Amino acid sequence: MFYLGKVAETVTDFVLPIAHSEDLNLIDVEFLKEGSDWVLRIFLENKDGDLTIEECETVSRALSIILDEEDPIDKSYILEVSSPGLERPLKTEEDFERFKGELIEVKTFKKINGQKKFVGILKNFEKEKIILNLKNEEEIAIDYSLVARANLTFEI
């Protein structure tokens, strides 16, 4: 899993039991600055892939209580709980296995063949490599250690 940062790691520990008790999967936790605001974003999914507002509210309320009690964040922030949406991040080996055959975007920390962004069909994830079939029919293997971000994407 990619490094989440101390706040995100702590919040992950708090939200996982809540998500599991609601039969939800935790996809990602982000803590970042947007404009003048800090945002703590929790991404969840249910087994049907259609996370409801009620499920988001339940997790948000339960997590808010814990965050108020534990007070792990020394800044004012906005808490958002939602579905990861159409461009869902891929973080784990299970994510890569589940979404084989789907169109994904991979951004790397350093250039590979002169570029840092690749869009293609996820062919496989093997031995710490992401195998993509690019639009030009070329196949590329990207070392997982070089991946800054990977997510589902869609064509316009």
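Predicted model: local features only at pLDDT ≥ 70, side-chain atom pairs only at ≥ 80, totals over all residues.
The protein chain contains three helices and eight strands, arranged along the sequence in the pattern α-β-β-α-β-α-β-β-β-β-β. Its C-alpha trace spans about 50 × 35 × 30 Å along the principal axes. Of the 156 residues, 39% are classed as buried. When contacts between residues at least 6 apart in sequence are considered, 53% of them join residues at least 24 apart. The accessible surface amounts to about 9,400 Å², and carbon and sulfur atoms account for 48% of that area. Charged side chains comprise 20 positive and 34 negative ones, with the centres of the two sets 8 Å apart.

Three strands form an open sheet in the order E1-E2-E3, and the pairing is mixed. Strands E1 (25-34) and E3 (78-82) each have a single partner strand and stand at the edges, so one side of each lacks a neighbour in the sheet. From one strand to the next, the twist averages 15 degrees. The pairing of E1 with strand E2 (residues 37-45) is antiparallel and extends over nine bridges. Within this part of the sheet, Leu32 is placed opposite Val39 of E2.

Two helices lie across strands of this sheet. Helix H1 (residues 6-21) lies across E1 and E2, and its direction makes an angle of about 145 degrees with E1. Helix H2 (residues 53-70) lies across E2 and E3, running at about 145 degrees to E3.

Note on methods:
Residues numbered from 1 in each chain as written. Heavy atoms only, no water. Pairing = 2+ DSSP bridges. Helix = DSSP H or I, 4+ residues; strand = E, 2+ residues; numbered from the N terminus. Axes fitted to C-alpha atoms, helices over the stretch in contact; angles between N-to-C directions. Contact = heavy atoms within 4.5 Å. Buried < 20%, exposed > 50% of the residue type's maximum accessible area, 1.4 Å probe, protein only. Areas by Shrake-Rupley, 256 points an atom, 1.4 Å probe, with all protein chains shown as cover. Lys, Arg positive; Asp, Glu negative; His and termini not counted. Charge placed at Lys NZ, Arg CZ, Asp CG, Glu CD.
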